[in-house]
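Please prepare a briefing on the pockets, cavities and selected residues of the structure shown here, with the cut-offs behind each term.

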Amino acid sequence: MPAQNTLQLSDPQDHVELRNLAIVDPLERTLTKDTVYTEELVETGTGNVLVAFSGDRTKPVLLTYHDLGLNYVSNFQAFFNYPDMKEITNCFCVFHINAPGQEEGASPLPDDYEYPTMEQLAEQVQEVLNHFNIVKYIGIGVGLGANVLIRHAFAYPERVDSLLMVNASTTKSGWLEWGYQKRNVSHLRTTGVTQPVLDYLLWHHLGQDYTERSHDLVNVYQHYFEKDLQAGNLAKLVEQYIWRSDIPLDRTTSTLEVPVMNLVGIFSPFIEDTVITNGRLAPDKTNWMKVQDAAMVLEEQPAKVCEAFRLFLQGQGYCLKIRRIAIQ
């Protein structure tokens, strides 16, 4: 018997016809590493950095830097696998930079290893560019990664084409952040990912009341933070982030010379940070966008981010053959 688009209810006389069925590709929630990237350990003056890259090396470069508690797989893989983003990345060669010791399966860093400061992490970006003979890049940074790429763009504007920043902060840490994170560093070093550390990481990425939204996302990242983090290595990175210096940007005197798209989710804890960052950038070169129904915007609203990013790139002459988003 041919299949019918009907749903059988408890009463055999009641049928509901299903109309206009649509197939929608979900954003994949797995954090299992993709195999499309080549990984290379790059030696820098302040430690080894794992870089993953894929694509035609003759194309323009799209370079990412991840947030606290994440790496290139857990921060960007699902987003880069989204159909709309795949259409964009076909126009680029993609490079992902991992902060020292944050990559998947990382060995514990030696106790006497002096972790790079935020300024030195930005210098590592420069060394990676030189290692791969990258002249310029378009950067995507989230949280800590946004801070690193802003520092690099400020120091080396000739190497940066434009930036997509998510949850970007350019100020020193406040007392509240400093206090919570000092506790987290202590727990990570002595015990590992305790419940207070887990709660903080989930709040950092998913904002307030995260249990009321995206239950699958919460479950995936909760499991990741509990099982897959190298706690001692993360402690070293967190410590440097809370001791970060203010980035001396001033839109009237000295600021970034490159176009910036400055994104934040409406549920993110870092809305005020992005507003302050926006006020320090040249008004004719920056776009600030608050994304609805999201805190972790790359995961929760990939279609909106892709559309905004595509239009941002097309304004600079890239991806001109893409006339619409891939999924309507």
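The largest pocket is lined by 17 residues, and those that lie nearest its centre are Leu176, Glu177, Tyr200, Trp203 and Phe270. This is a predicted model, in which local features need pLDDT of at least 70 and side-chain atom pairs count only at pLDDT 80 or more, while totals for chains, interfaces and linings use all residues. Residues are numbered from 1 along each chain as its sequence is written, and side-chain values use heavy atoms, with hydrogens and water left out.

**Pockets**

- The largest pocket has a volume of about 340 Å³, where a pocket is an open set of points, on a 1 Å grid over the protein atoms alone, with protein on both sides within 12 Å along at least five of seven lines, and where lining residues have an atom within 4 Å of a point.
- A volume is the space filled by probe spheres set on the points, and grid points are joined across faces, edges and corners.
- Helix H5 (175-190) and helix H6 (195-206) each give at least two residues to the lining of the largest pocket; helices here are DSSP runs (H or I, at least four residues), strands are runs of E (at least two), and both are numbered from the N terminus.
- By class, the lining of the largest pocket holds nine nonpolar, three polar and five charged residues, with Ala, Val, Leu, Ile, Met, Phe, Trp, Tyr, Cys and Pro taken as nonpolar, Asp, Glu, Lys and Arg as charged, and the others, Gly among them, as polar.
- The second largest pocket has a volume of about 260 Å³.
- The second largest pocket is lined by 14 residues, and the closest to its centre are Val36, Tyr37, Ser54, Thr89 and Val94.
- Helix H1 (72-80) and helix H2 (83-89) are the elements that give two or more residues to the lining of the second largest pocket, a lining that divides into five nonpolar, six polar and three charged residues.

**Cavities**

- A search of the whole structure finds three cavities of 30 Å³ or more, a cavity being a set of grid points where a 1.4 Å probe fits but cannot get out.
- The largest cavity holds about 110 Å³ of space, and of the 13 residues that line this cavity, Asn75, Val142, Asn167, Met296 and Val297 are the closest to its centre.
- H6 and helix H10 (297-300) each supply at least two residues of the lining of the largest cavity, and H10 provides the largest share, three residues.
- The lining of the largest cavity comprises seven nonpolar, four polar and two charged residues.
- The second largest cavity has a volume of about 60 Å³ and is lined by Gln181, Asn184, Leu188, Val197, Tyr200, Leu201, Leu234 and Val238.
- At least two residues of the lining of the second largest cavity come from each of H5, H6 and helix H8 (231-242), and by class this lining has six nonpolar, two polar and no charged residues.

**Helix H3 and histidine 131**

- Helix H3 (residues 118-131) has 14 residues and reaches 20 Å from its first C-alpha to its last, close to the 20 Å expected at 1.5 Å a residue, where the expected span is 1.5 Å times one less than the number of residues.
- Met118, Leu121, Ala122, Gln124, Val125, Gln126, Val128 and Leu129 are buried in H3; buried means under 20% relative accessible area, exposed over 50%, and partly exposed in between, with a 1.4 Å probe and protein chains only.
- Histidine 131 lies in helix H3 and counts as partly exposed, at 39% relative accessibility.
- Leaving aside its neighbours within four places in sequence, histidine 131 is in contact with Glu40 and Val42, contact meaning heavy atoms within 4.5 Å.
- The C-alpha atoms of histidine 131 and glutamate 43 are separated by 9.0 Å, although the two residues are 88 residues apart along the chain.
- Just after H3, asparagine 133 takes a positive phi of about 55°.

**Glutamate 39**

- Glutamate 39 has its place in strand S3 (residues 38-44) and is partly exposed, with a relative accessible area of 32%.
- Beyond its neighbours within four places in sequence, glutamate 39 is in contact with Lys33, Leu50, Val51, Ala52 and Tyr72.

**Whole protein**

- The secondary structure comes to 11 helices and 10 strands, and buried residues make up 53% of the 328 residues.
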